[in-house]
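Trainee: Could we go through this one together? I'd like to know what stands behind each label we put on it.

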Amino acid sequence: MKGRNMTRWRDPAKDPRQEPKSNLITAEGAERLRGILDHLSRVKRPALSAKVGEAAALGDRSENADYTYNKKELNRVIARIRYLTKRLDELTVVDRLPADTDKVFFGAFVTLEDEEGEEMRIRLVGHDETDTTKRWISVDAPLAKALLGRALDDEVTVTAPGGETTYVITEIVYRDPRA
């Protein structure tokens, strides 16, 4: 059976999407998610509800593009509100520094140097906060898993699709969540 909703079959035992995700989030990440939820609930949803009501009052809904578009958008916003509400209940906010700030743990800014001498600064954050432009990686990522618990000047070898890469930890910095 073919159709637009069909996807290719994946072995559940090997599917990376089936791996459990950590429920950790930084204090600023949780605040950002709460802000998004508040905006969707208080601003976006009422505005879309009003648009759907106005479009429905115009008459025949089957040929009313405004009604169809705004109804789909409203359903998308409601689904996002439901997801964020559920997700915020599941998350554990990490709002303090680790006991040993000389090692890499959740929330750390880590500077790595590869074999060619190029430096890269990353931050270990929760799954919901990842941002490739800022180089914030999920604590569940292979590189982050390899870094956890390591200290300054430790060598870390990570297997990636392009092969193995070895990094040296040159700096570990934490930002105080209460500051």
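Mentor: Start with the record: an unreviewed UniProt entry places "domain: Transcription elongation factor GreA/GreB N-terminal" at residues 24-93. Keep in mind that this is a predicted model.

Trainee: What makes up residues 24-93, in helix and strand?

Mentor: That span is 81% helix and 7% strand, and its end C-alpha atoms lie 6 Å apart.

Trainee: Why is α1 called roughly antiparallel to α2?

Mentor: Helix α1 covers residues 27-57 and helix α2 residues 65-90, and their axes cross at roughly 155°. Angles over 145 degrees count as roughly antiparallel, so α1 gets that label against α2. The axes come within 9 Å, and α1 passes α2 in a left-handed crossing.

Trainee: Which classes of residue make up the contact of α1 with α2?

Mentor: The contact has 16 nonpolar, four polar and eight charged residues.

Trainee: What does the record place at residues 100-173?

Mentor: The unreviewed UniProt entry gives "domain: Transcription elongation factor GreA/GreB C-terminal" there. Residues 100-173 are 8% helix and 43% strand, with the end C-alpha atoms 11 Å apart.

Trainee: How many cavities of 30 Å³ or more does the structure hold?

Mentor: One. The largest cavity has about 110 Å³ of space, and that value is over the 30 Å³ cut-off.

Trainee: What lines the largest cavity?

Mentor: Its lining includes Thr26, Glu28, Arg96, Phe106, Arg123 and Tyr174. By class, the lining has six nonpolar, two polar and four charged residues. Gly107 also lines the cavity, and it goes in the polar class because Gly is counted there by definition.

Terms used: Residues numbered from 1 in each chain as written. Predicted model: local features only at pLDDT ≥ 70, side-chain atom pairs only at ≥ 80, totals over all residues. Heavy atoms only, no water. Axes fitted to C-alpha atoms, helices over the stretch in contact; angles between N-to-C directions. Helix = DSSP H or I, 4+ residues; strand = E, 2+ residues; numbered from the N terminus. Parallel < 35°, antiparallel > 145°, perpendicular 65-115°, else oblique. Left-handed = near helix turned anticlockwise from the far one by under 90°. UniProt positions renumbered as here; feature names shortened; annotations may be inferred. 1 Å grid on protein atoms, 1.4 Å probe; cavity = no way out; pocket = protein on both sides within 12 Å on 5 of 7 lines; lining within 4 Å. Points joined across faces, edges and corners; volume = space filled by probe spheres on them.
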